[in-house]
Structures are given as C-alpha cells and as structure tokens.
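Subject: Handover of a structure

Dear colleague,

Please find the structure below, followed by an account of what was found in it.

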Amino acid sequence: MIYEKIAEIISDKMDIDVDDITMDSTFESLEIDSLDMVEIVMDIEEAFEVSVEDAENLKSVADLVKYIEDNK
Amino acid sequence: MSTALITGASRGIGRELALRLADEGYDIVVNYLFEEEDYAGTVAEIEKKGVKAIAIKADVSQFSEVEAMMKQTVETFGSIDVLVNNAGITRDGLLARMKEEDFDAVINVNLKSVFNCCRHAVPYMMKQKHGRIISMASVVGLSGQGGQTNYSASKAGIIGFTKSLAKEIGSRNITVNAVAPGFVETPMTDAMPAKAREEVLGSIPLRRGGTVKDIADAVAFLASEQASYITGHVLSVNGGMYM
C-alpha cells in the first residue's frame, strides 16, 4: 500500500509510467533531481502525514518505503 | 484570479505597491505588524478597485508567523502568485557606535523576512508551477553607504539570496527578482535639511528624486507577463545615481 502510493506520487510528479517504477528503482535512474525530490517529499509528507527530515539520504524507492514504514 | 501578497503594506511604499498591483487586477494580501497602522483603510481602498483584499498581521521576521500567513493566504484565495518582500526598517548609525541589537533588528526584519516569506511561499508556488517573487533591495546594497552598514548588508544579502533562489527554482516557472530604489521622495526625505537634499539630487543624472510611482511601475512590470523571461535580476530604479 505504501509502495503503491509512493509509486503513484512519483509517476504523477515525473510524468512517467507507474509500471516503470519498481522497488529497486533508484531516484537517479528515474532522473529525479534534488528539486524533484523536494516536491515528491512534500507530496509524501501530505499523503502519509509524516515529516521527512533527511531526504538526501534516501536513494531509492525501497529507501523511501522503509522510511515511511519506520516513521509512520 | 491571481493573488499578490505584499509585506509591510499598510503604509508607505508597500501600501502604494499594493494599490498598484490591485490596479493590475490582483487580489491583495496586505501584511502589517502594528495595530495602529491603517491596514483597514488600505484594504478598503484596494477593494474600491474591484478586487478582493484581506489584511494579515504577522511579524515577517518570525518563521512560524509567516508560515501561518502563507497558509491563510492560500486558504482564502486559493493561490499565491506574486510575493513582494517590501517590509523593512532602518537603524542608521556609525559602525563604531552601532548597538548589536540595531544590527540584528535590521538583518532580521529586512533579510531574514525574505527567507521566511520565500521559504513558506515557494512550496505553494512549486505546486502551482508558477510564481513571481520581487524583493525590495536598495541602491546602498550595491554602492554601500556610510552610516548604514546594517541596512546595506541586509540589502546586499537580498541580492545574493535573489540570484541563488532564481537559479534554484527557475525550472518551476518561478521568477525571482529584486528592485533597487535610489533616492525616493517620501515624507522622510522631505524632512532632510534643504542643502543635503539638494546635494543628493544634484548627484543624480536625471536631476530628481524617484517617486513611489517609479518604484511601483518597476514592481508591476516584474510581476507582469512581459517580464516572464527575466529572473535573477536587480532592477535599479535610481535615476542613474549608481550604475
């Protein structure tokens, strides 16, 4: 559920097919730059009602899913 | 309809900027700080122009107060399209005698306020995928001025901030610019000794002081569609006093 929502947010923001996003996708491979990441994190904070403090340490979709699981 | 928020807008140049942007059709948020300011009169005058206006009290040097102000703006009008960072103070004095609190106050009100306002407006602007940020700098931020180390540092700081933020968020269709007024005719400058005043005016190539309208024209231009390809710019409005 967390993964699906994150994939949907990334897909919307980056205008890429949700099927092209996997748990193993790194943000670099999805061509997500630091400013895109700020926007994605803002949407994720809103969707999951969490505060993401150290987004720069998150490198992949899996990292993000784990972060939300741990902090939700 | 687009919304413009002007800090320090209940009086002085800020009030004129608010009225001018109302003429351009923006709904207006009049930020003010002190209860004795005629913010209600400013709002009433803006509403006469057929746009909506609200006044929001917030100390722009305070991070959380600015956060609440931006939230209220978006809740009321649905967007924040133009941010004009106008609020500012002076605490002039020679450095060798300047009190620490006079340095800090000027930096907090003039420069930290710009950080606070941009920090809390930019997330909304990024979502909208458009925005205009215009900050009031000053000729002294470019030229320096004895007796104004604090003020000129704050204004030079605004210029560096403006250029950096313009680079950061240009890809989101948000422009970030500054206006640097020179000698603007106000009740404060009218009160200067005649000789000092004449000396200043004589040093200006266009041989007159700037008017508040000159400043408002520059701000309205940078907010307009015609300025959509201008970002990271410092627009001097000084009659050639400093080039």
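Residues up to four places away in sequence aside, F77(B) touches T3(B), D27(B), I28(B), V29(B), K52(B), A53(B) and I54(B), where contact means heavy atoms within 4.5 Å. One of these partners, I28(B), is 49 residues from F77(B) in sequence, and their C-alpha atoms are 9.2 Å apart. F77(B) belongs to helix α3 (residues 63-77) of chain B; helices (H or I, at least four residues) and strands (E, at least two) are DSSP runs, numbered from the N terminus. With a relative accessibility of 15%, F77(B) counts as buried. That term means under 20% relative accessible area, while exposed means over 50% and partly exposed lies in between (1.4 Å probe, protein chains only).

S79(B) is found in the loop between α3 and β4 (82-85) of chain B. This residue, S79(B), is also buried, at a relative accessible area of 11%. Its contacts, leaving aside neighbours within four places in sequence, are M1(B), T3(B), T73(B), V74(B) and Q128(B).

**How the model was treated**

The model is predicted: local features need pLDDT of at least 70 and side-chain atom pairs count only at pLDDT 80 or more, whereas totals for chains, interfaces and linings use all residues. Residues are numbered from 1 along each chain as its sequence is written, chains are lettered from A and ligands numbered from 1 in the order in which they are written, and side-chain values use heavy atoms, with hydrogens and water left out.

**Chain A as a whole**

Chain A contains 3 helices and 0 strands, and its pattern along the sequence is α-α-α. Its radius of gyration is 11 Å, close to the 11 Å that the globule rule gives for 72 residues, so chain A is as compact as a globular protein of that length. The radius is taken over C-alpha atoms, and the rule is 2.2 Å times the number of residues to the power 0.38. Along the principal axes, the C-alpha atoms of chain A fill a box of roughly 25 × 25 × 20 Å.

Of the 72 residues of chain A, 44% count as buried. Among contacts in chain A with a separation of 6 or more, 51% come from residues 24 or more positions apart. Chain A carries 5 positive and 23 negative side chains, and the centres of the two sets lie 5 Å apart. Here Lys and Arg count as positive and Asp and Glu as negative, without His and the chain ends; each charge is placed at NZ of Lys, CZ of Arg, CG of Asp or CD of Glu.

**Where the chains meet**

In the interface, 8 residues of chain A are in contact with 8 residues of chain B. The two chains bury about 630 Å² between them, with 53% of it on carbon and sulfur atoms. On the side of chain A, L35(A), E39(A) and M42(A) lose the most area to chain B, together 72% of what that side buries. Buried area is the accessible area (1.4 Å probe) that two parts lose on being put together, summed over both.

**Two residues with positive phi**

E49(A), a residue other than glycine, has a positive phi near 50 degrees. It sits in the loop between α2 (34-48) and α3 (61-71) of chain A and is exposed, with a relative accessible area of 74%.

In chain B, K129(B) has a positive phi near 65 degrees and is likewise a residue other than glycine. K129(B) lies in the loop between α4 (100-128) and β5 (131-136), and is partly exposed at 45% relative accessible area.

With kind regards
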